[in-house]
Amino acid sequence: KALEDIIVTQPKVIYTYEVLVAKKPALETREAHERRRVARKIHKKVLFFEHGDALKILKSRKYNDYTQFRSVKNTSIAPFSVDLTLYDGKLLYTSYYAGYEPTAILVEDRALYEMQKNVFDTLWKQGKDRTLAYIEKV
């Protein structure tokens, strides 16, 4: 239901911090959501922490014209294990635990959104473009 709000709201761009791991619960639901987002031409900017298998996992994803990726080094900000999606004055926090369904909290608050968006923009400018990671040599 939380992901459905993005489709219903249809923002031009969503900004998200993602934890790239090999497998998260409810993978089929998220993949279906991504197909619907791309079909509606909703752009997505993704920041992720460059550690572990993150680049390997990113390289396994299929390219689309509506998703950009940038990596952030651990020196910029301490890694966290919660996905945060920002769009249209809303913040969607999603946490994942092995063996359980994800927990999602949707907050609609313009001031909180603007604060988090400013942090995102700062990190985005510092991040390394990884949109075409699938063709990069390791």
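Strands and helices here are DSSP runs, numbered from the N terminus, with at least two residues (E) for a strand and at least four (H or I) for a helix. The model is predicted: local features need pLDDT of at least 70, side-chain atom pairs count only at pLDDT 80 or more, and totals for chains, interfaces and linings use all residues. Residues are numbered from 1 along each chain as its sequence is written, and side-chain values use heavy atoms, with hydrogens and water left out.

Strands count as paired if DSSP finds at least two bridges between them. β1 runs parallel to β2 (residues 43-49), with six bridges joining the two. With β4, β1 pairs in the antiparallel sense over three bridges. Five of the six residues of β1 are buried, so this strand is largely enclosed by the rest of the structure. Buried means under 20% relative accessible area, exposed over 50%, and partly exposed in between (1.4 Å probe, protein chains only).

A nonpolar core is a set of buried Ala, Val, Leu, Ile, Met, Phe, Trp, Tyr and Cys residues joined through side-chain atoms within 4.5 Å. The largest one has 11 residues, including Y15, Y17, L47, L84 and W124. β1 (13-18), β4 (82-87) and α4 (110-126) each supply at least two residues of this core, and the largest share, four residues, comes from α4. Another core, of eight residues, lies apart from it, with L20, F48, I57 and A133 among them.

Charged side chains also connect the elements. The structure holds seven salt bridges, a salt bridge being a side-chain nitrogen of Lys or Arg within 4 Å of a carboxyl oxygen of Asp or Glu. E18 forms one with K44, the closest N and O atoms being 2.8 Å apart. This pair links strand β1, which holds E18, to strand β2, which holds K44, across 26 residues of the chain. Both E18 and K44 are buried. K44 also meets E34 in a salt bridge (2.9 Å, N to O). Because K44 lies in strand β2 and E34 in helix α2, this contact ties together parts that are 10 residues apart in sequence. E34 counts as partly exposed, at 24% relative accessibility, whereas K44 is buried, at 8%. Salt bridges that share partners join E18, E34, R37 and K44 into one network.

R36 forms a salt bridge with E4, with 2.6 Å between the closest N and O atoms. R36 is in helix α2 (residues 27-39) and E4 in helix α1 (residues 2-9), 32 residues apart.
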